[in-house]
Amino acid sequence: MISYQPRKQRKMLYKAPNHRRRKMMRAHLSDELYARYGVRNLVVRKGDIVRVMRGNFKGHEGKVVEVNLKKMKVAVEGVIIRRTDNKSVQRWLDPSNLMIIKLNLTDPKRKEKLYRLAEEKRGISIEELEMEERREEEIVEEKEREKEEGEEEEIKEEKEEEEVSNNE
């Protein structure tokens, strides 16, 4: 039987082995990811892009730099505080105060597990998920190309204006 006493809950948390601590290092997924995969939370990993939801850095978005199982805390890129000796140090955050915005799916096992969970929760096949991701990647690439083309056009227009002003 599991005890509900706070002292025993804390003891369980502090004395937990690493394989259990890993599972406790979870954060909610954004609404977009929840809609896509049907999974509410996942274990935070190095390389995930997260948004801070609580504390002084609320609203800050950054990449997970380090996950410390011993402290059960996460370090996020750009979340830095100054110590009394004016030295900048990384601020450790609890994963429950974070929201995962973009997943790091470079690990094939994590990707496979996520797809399997999505298939169970949403009833959507792995092939359909992969097709959705490819479509989204293509859309992002198109937007980047359009942005680059727009910047090139602006540079050309500025050069033409300079030539016209120099000719006058």
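Arg51 stands opposite Glu61 of strand β4, strands being DSSP runs (E) of at least two residues and helices runs (H or I) of at least four, numbered from the N terminus. The model is predicted, so that local features need pLDDT of at least 70 and side-chain atom pairs count only at pLDDT 80 or more, whereas totals for chains, interfaces and linings use all residues. Residues are numbered from 1 along each chain as its sequence is written, and side-chain values use heavy atoms, with hydrogens and water left out.

Strand β4 (residues 61-68) contains Gly62. Strand β3 (residues 49-52) pairs with β4 in the antiparallel sense over three bridges; pairing requires at least two bridges found by DSSP between two strands. On β5 (residues 73-82), four bridges join the strand to β4, again antiparallel, and Val76 of β5 is the bridge partner of Val64. The β4 and β5 strands form a hairpin with four residues between them, and Met72 in the turn has a positive phi of about 60°.

Gly62 counts as buried because its relative accessibility is 9% (buried, under 20% relative accessible area; exposed, over 50%; partly exposed, in between; 1.4 Å probe, protein chains only). Excluding residues up to four places away in sequence, Gly62 touches Asp48, Ile49, Val50, Val76 and Glu77, contact being defined as heavy atoms within 4.5 Å. Gly62 and Ile100 are separated by 38 residues in sequence and by 9.9 Å in space, C-alpha to C-alpha.
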